Amino acid sequence: MTDTLSRRYRLLLRAYPPGPRRVELLDTLLDLAAPGRRAPTARETANLLRHGLRARLGRPRSRGVVVFAVLVAVTLGFLGAAGAHRLAWETARPLPTGAEAESLKAAAFPGLAVRGDDGAPLFETEIGESMPEYGSARYRVEPTAATRDFRAYGEAARDRLRAAGWRIRAEGTPFLYPRADPEAHERGQRIWEFWATRDGLALTFTVSHESEVDPRHADRAELVVSRTAPAWTGPAGALGAILGALAGWFLTGWVSRRTEGRTVASVVVSTATALALLQLAVPWLLLASLLLRLGAPDQPELRPTDPFWTAMFLFGRELPENAAKLGVLVLAVAAWPLRWTRRRDPARRRSPRLVPAVTVAAVGTLTVAGLLVYGMGLGR
Amino acid sequence: MREPTFWILTALATEPRHGYGVIQEAARLSDDQVRLQPGTLYAALDRLDAEGLVEVDRDETVDGRNRRYYRLTDDGARALEAETERLRHSADAARSQLAARRRFGLGPTAARQGT
């Protein structure tokens, strides 16, 4: 009976860093427990988790270390979500090839010679761009007399695709691009568009006609096929966020405790962590944009937008790469052998209040996460 | 100074105690009003140790279990004294205000007299 209680306490006490404190707490908890108790109370559980996670960070007098840990946890949570989200995309189905692509092209543009290649990588980064986008296959045809009647042509294509099992999500004139080029509209350009989904695929069909310009140059009829997000991406992203945040907290704690009482190491680590956090502030802005997007009402007329983590590359890859290097530095400083600093232990109480060690830990975590994300080919 | 800190220093004022001893003594001194959570207690002890107000007294083995005793330092005694003075001052201020309230015939005492 006491064994059950003791086992449950031991499990809870894993929130504390390894060391004699776990045993000390266990003895106190068992002394306090009324006979016959089998489980920790809710209040005890919350109290032990809270103080245990704080104890992981070391430096009992410092508040800065907590701030660092929170920032690092949020940042690594973002990176974890990005990595898991990207990983889940690997389960997306391939774009149509062979017979499937042929029947799709025939339904969209019957009897016309279609140009464009089948297939595309999951994500592609256009030349000169830094942010990756969903990979898509583009097909187009030479405009004909039939496509010049853009609306009738578009509606006929819509009906054929609907008959082929596609679900039409939205259609119309400047529906998808409500504020499309007003000058083109002045010139007499008219667009008919719709987008549709089926079996993990999304397609956009566009046919346009410009009355005042030579139609051979201005008119356009094209079909863009891309994948829709696999169902796993949401839950995988959430799981990645939790794991990343936990990793960030524990890493910060490890670095903080390893550098506690080492003034120079603390300063180096906190400075590097702060710099790395700064460089990764971009992801936080992205996170904010993601939350805004999630909070927005469901708008079925909006086609799938690029994944939330692409903004990380808004300013190129240098910032995340620099943050990763700083993280490695922080981890290296923290991992430095302590043999000769241990001797100063009796004076530990006089240890500087510097919070920076926490920063170091945070940077390290960020670096590891950044490397993981890159390794998974987020920027591919 | 937060209340758990105040009671931990108070419990350690007369003799060194281990964690369980501090919790029991704080409960006794406060007529069971204060029940320190072990997590809160040890977090506070760590902080007080870092601040030099409390320090480890000794380790004892009882029934094969290790017990670590903590004691109040001179700095800790001074901090507790300053806090006690502050609390006394606060209580005095409130007491004199309440006395004035009664003198002016306000409050529950006056209402009872009116009926």
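## A:Leu161 and its surroundings

Leaving aside neighbours within four places in sequence, A:Leu161 is in contact with A:Ala107, A:Ala108, A:Trp166 and A:Ala196; two residues are in contact if their C-beta atoms, placed from the backbone, lie within 7 Å. This is a predicted model, in which local features need pLDDT of at least 70, side-chain atom pairs count only at pLDDT 80 or more, and totals for chains, interfaces and linings use all residues. Residues are numbered from 1 along each chain as its sequence is written, while chains are lettered from A and ligands numbered from 1 in the order in which they are written.

You will find A:Leu161 in helix H7 (residues 150-163) of chain A. Helices (H or I, at least four residues) and strands (E, at least two) are DSSP runs, numbered from the N terminus. Why does A:Leu161 count as buried? Because 21 other C-beta atoms lie within 10 Å; the label buried needs 20 or more other C-beta atoms within 10 Å of a residue's own, exposed means 12 or fewer, and partly exposed is in between, with C-beta atoms placed from the backbone. A:Gly128, by contrast, is 33 residues from A:Leu161 in sequence and 35 Å from it in space, C-alpha to C-alpha.

## Chain A as a whole

Chain A has 14 helices and eight strands, and buried residues make up 41% of its 380 residues. Among its contacts with a separation of 6 or more, 80% join residues 24 or more positions apart.

## The core

A nonpolar core is a set of buried Ala, Val, Leu, Ile, Met, Phe, Trp, Tyr and Cys residues joined through C-beta atoms within 7 Å. In the largest one, of 50 residues, A:Val72, A:Val269, A:Val330, A:Ala361 and A:Ala362 touch the most other members. Helices H4 (64-88), H10 (233-259), H11 (263-279), H13 (318-335) and H14 (356-375) of chain A each supply at least two residues of this core, and H4(A) gives the most, with 14 residues.

Leaving aside neighbours within four places in sequence, the contacts of A:Ala362 include A:Phe68, A:Val72, A:Gly248 and A:Leu277. Another core, of 28 residues, lies apart from the largest one; B:Leu12, B:Val22, B:Ala26 and B:Leu45 are among its members.

## Strand S4 of chain A

Side chains alternate along strand S4 (residues 136-141) of chain A.

Two strands pair if DSSP finds at least two bridges between them. S4(A) pairs in the antiparallel sense with strand S1 (residues 114-115) of chain A over two bridges, where A:Val141 is the bridge partner of A:Val114. S4(A) also pairs in the antiparallel sense with strand S8 (residues 220-227) of chain A, over five bridges, and there A:Tyr139 stands opposite A:Leu223.

## Chain B and its side of the contact

The contact between the chains takes 18 residues from chain B and 21 residues from chain A. On the chain B side, helix H2 (19-29), helix H3 and strand S2 (65-72) each supply at least two residues, with the largest share, ten residues, coming from H3(B).

Buried residues of H3(B) include B:Leu41, B:Tyr42, B:Leu45 and B:Leu48. Just after H3(B), B:Gly52 takes a positive phi of about 80°.

## Confidence

Chain B averages a pLDDT of 91, and 92% of its residues score at least 70; pLDDT is the predictor's confidence in each residue, from 0 to 100. For the complex, the predictor gives an ipTM of 0.85 and a pTM of 0.76.
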